[in-house]
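Please go through the helices, the chain contact and the core of the structure below.

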Amino acid sequence: MTARQRIGRIAAYAAMILVAVVILAPLGWIVVMSISPTVDLTTVPLRWIPSALDFERYERLLTLAHNSDGEVFLYALRNTCWVAAGTTVIAFLLAIPAAWVFSRARHVRWLLYLIVGTYMLPPLMFVVPLYRILASFSLLNSPWALMVADSTIVLPFTTWFLKSGFDNIPIEIEEAGAIDGGRLWKILWDITLPLAKPLIGTTLLFSALIVWDEFLYAILFTSDSRAQTLTVVIANLASGRVSDFGLLAAAGVIAALPPVAVGLVLQRSIVSGLTSGGVKG
Amino acid sequence: MESRGRLLLLLPLLIVLLAVIGWPLLDTFWLSFTDARLGGQTGNFVWFDNYLHAFRAPAFRRALFVTVMFTVCTVAAEMLIGLGVGLLLDMDLWGRKFLRGLLIVPWALPTVVNAMCWRVIYNPDFGALDAFLQQTGIIKEYQSWLGDPSTALIAVGAADVWKTFSLVAIITLAGLQAVPRELKEAAEIDGAGPFERFRTVTWPVILPPLTIACVLRTIEAFKVFDIIWVMTRGGPLDSTKSLSILVYQEAFSFRHAGYGASLAMLSVAITMMLIGAYSRAVRIQGAVR
C-alpha cells in the first residue's frame, strides 16, 4: 500500500466514525434521557451520564391509571394500532385486485398514472372537503375518520407498489391456469396470490408505517383520547409545558420502537422496495 | 382471460378513490373561488378574489420564500451528504455492514418523534446541543436555536436532513450495485484515475435513481408540515411558516376555508411547475450525454 492509499483509508475510516456518531448520538441521547433522573436533565452543565437509572417514566406511560399520562398514551397507542390495522385491511381489499389488473391490462395504465399523480399532491388539497364530509357523517374524532383519510395516502402508494411487484410474476403461469379451465378468481387465489405473498407482506407493512407516521389528518380530525393517535399525543407533549424531558424521551422511544424494529428486520425487502419505484418520504 | 371480468376488479378501488380523492379535489377547486367559512354555509362565488388577495398578501410571499428556502437547502444537503455516505459505504471498509444497517434507523423513525427529539436537543435552557457546544468551548452562552428568527429555519432544516439523508444514501448504495465490476477494472487498466473512473463508469449508472430520488424529495420537502409544526409551529415571527402551515392556519385556525383552498391550489400549481422543470432538466441532460 502506498502512503497515499494509506492516508485515503484513514480518512475513509474517520468519515465512517463521523457518520456513525452523527446517526447514533441523538438516538443514544434520547434513550439516556428517558432513563435519567429529572435533576440530571435540568442542570447546567448538563450531566451526560445519569447519576442513577430511573425507569419510572416507562412505568408511568405504560400504566392505565385514571387521568394519568399513561392513560392518554396507551389510548393513543391503541388508536394508532387500530387505524393502522384498519387502513391496511382497506388497502389489502381494494389495492391488490386493482394492482393486478393494472399489471395485466395495458390499456388502463393511464388510470394508474393518474392515481399515482395524486400521491404527489399535498394532503392539504383534500383536507377541507374531507373535514366537511366527515363532519356531515358525524365521523370526526373517531378512528374510522382516520382510516378513511389515511386511505388517500395509502391507496395510491400500495397500488403502485403492488403493481410493480405483480409485473415480476410471469403472466404465462396464469395463462396455463386458464387453459386448464380455472376461473379467474380461482387462478388469482390459487396461483398469483401465493407467489406474491412476500411482496404483499412488505407492502402492507409499508402502509402500516405510513399510518404510524401520519400526523396532519390526525391533528385535524381528532380531539381527544377516543381517536387521538401517538403522533398527536407526542406533538402535544412536545409543545406543552412539560418540564420533564425524560417523559418526552420515553414516549418517543416507545413510539419509535415498532417502526425501527420493522425497518431493521425487513431491511432487505425495504431497500429493494425503496429502489424499485415507490419512495416513501 | 375474460377482459370485462378483470376490469370489474378495478371498480371498488376507483369508487373509493373518487370519493376520498376525486371529490375533495374538485371541492377544493370550487371552494377556492368562494368566501366559504369552515363549518359555515357554502359561501358566495367571489371569482378570483382569493387568488388576488393571496398575491397581494405579504404572508403568502413570505411563506413561499420560507418553503423554497427550506426545500432547496434541505434537498441539496441531503443529496450531497447521502451521495457521499453512499459512496463511502461502498468502499471495502471494516464495519460498513453495520453502518449500512444503521442507515435504516433515521428513515424508519417517525417524523414527529424526530421533530420532538430535536426540539428537546435544541432546548435553550437544558438542551444537549448547547451543553455540548459550551463544554467544548465553541460557544460561550446558551443559544435559543429555535427561538431566534435567524437560526430557526436552519435548525429545523438540519433536523430534517438528519432523517432524510439516509434515504439518499440507501438509494445510492443500491444504485452502486448495478455498476459493472469489469467496467471499473477495465477503466483502471486503461490508466483512468479515480476521479475519471467515477465520472465515466459510476456516475452514469447512479444518476437516474438519484434524479428520481431528488424529484420525489423535492416534492416531499415542498409539502413540509409535520416537522415544522412540532418544532416551531411556524414561529418565531413567522420565520419558519411554510405554505402548508399557512394553509393550515388560514383554513382551520381562522376558518377561512375558501381562502385556504386557494392557497392550497397555488402551492399545487407551484409543485406542478417544479415537476415540469425537473423532467425538462432531466431530458436536456440526457440529450447532452
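Q: What pattern does chain B follow along the sequence?
A: This is a predicted model, in which local features need pLDDT of at least 70, side-chain atom pairs count only at pLDDT 80 or more, and totals for chains, interfaces and linings use all residues. Residues are numbered from 1 along each chain as its sequence is written, with chains lettered from A and ligands numbered from 1 in the order in which they are written. Chain B has 14 helices and 0 strands (DSSP runs numbered from the N terminus, helices being H or I of at least four residues and strands E of at least two). Read in order, the pattern is α-α-α-α-α-α-α-α-α-α-α-α-α-α.

Q: What share of the residues in chain B is buried?
A: A residue is buried if 20 or more other C-beta atoms, placed from the backbone, lie within 10 Å of its own. Chain B has 289 residues, and the buried share is 42%.

Q: How are α9(B) and α11(B) oriented to each other?
A: The axes of α9 (residues 152-176) and α11 (residues 194-222) of chain B come within 8 Å and cross at roughly 155° (lines fitted to C-alpha atoms over the stretch in contact, with angles from 0 to 180 degrees between N-to-C directions). Angles over 145 degrees count as roughly antiparallel. The crossing angle therefore makes α9(B) and α11(B) roughly antiparallel.

Q: How many nonpolar, polar and charged residues does the contact of α9(B) with α11(B) have?
A: Residues are in contact if their C-beta atoms, placed from the backbone, lie within 7 Å. Among those making this contact are B:Val168 and B:Ile171 of α9(B) and B:Leu210 and B:Arg217 of α11(B). Ala, Val, Leu, Ile, Met, Phe, Trp, Tyr, Cys and Pro count as nonpolar, Asp, Glu, Lys and Arg as charged, and the others, Gly among them, as polar. By class, the contact has 8 nonpolar, 3 polar and 1 charged residues.

Q: How many nonpolar residues are on the side of chain A that touches chain B?
A: Chain A gives 69 residues to the contact and chain B gives 73. On the side of chain A, 11 are polar and 2 are charged, while the nonpolar residues number 56.

Q: Which residues touch the most other members of the largest nonpolar core?
A: A nonpolar core is a set of buried Ala, Val, Leu, Ile, Met, Phe, Trp, Tyr and Cys residues joined through C-beta atoms within 7 Å. Leaving aside neighbours within four places in sequence, B:Met116 is in contact with residues including A:Leu248 and B:Val230. Of the 157 residues in the largest core, those that touch the most other members are A:Ile234 and B:Met116.

Methods: Angles under 35 degrees count as roughly parallel, over 145 as roughly antiparallel, 65 to 115 as roughly perpendicular and the rest as oblique. Two residues are in contact if their C-beta atoms, placed from the backbone, lie within 7 Å. A residue is buried if 20 or more other C-beta atoms lie within 10 Å of its own, exposed if 12 or fewer, and partly exposed in between; C-beta atoms are placed from the backbone.
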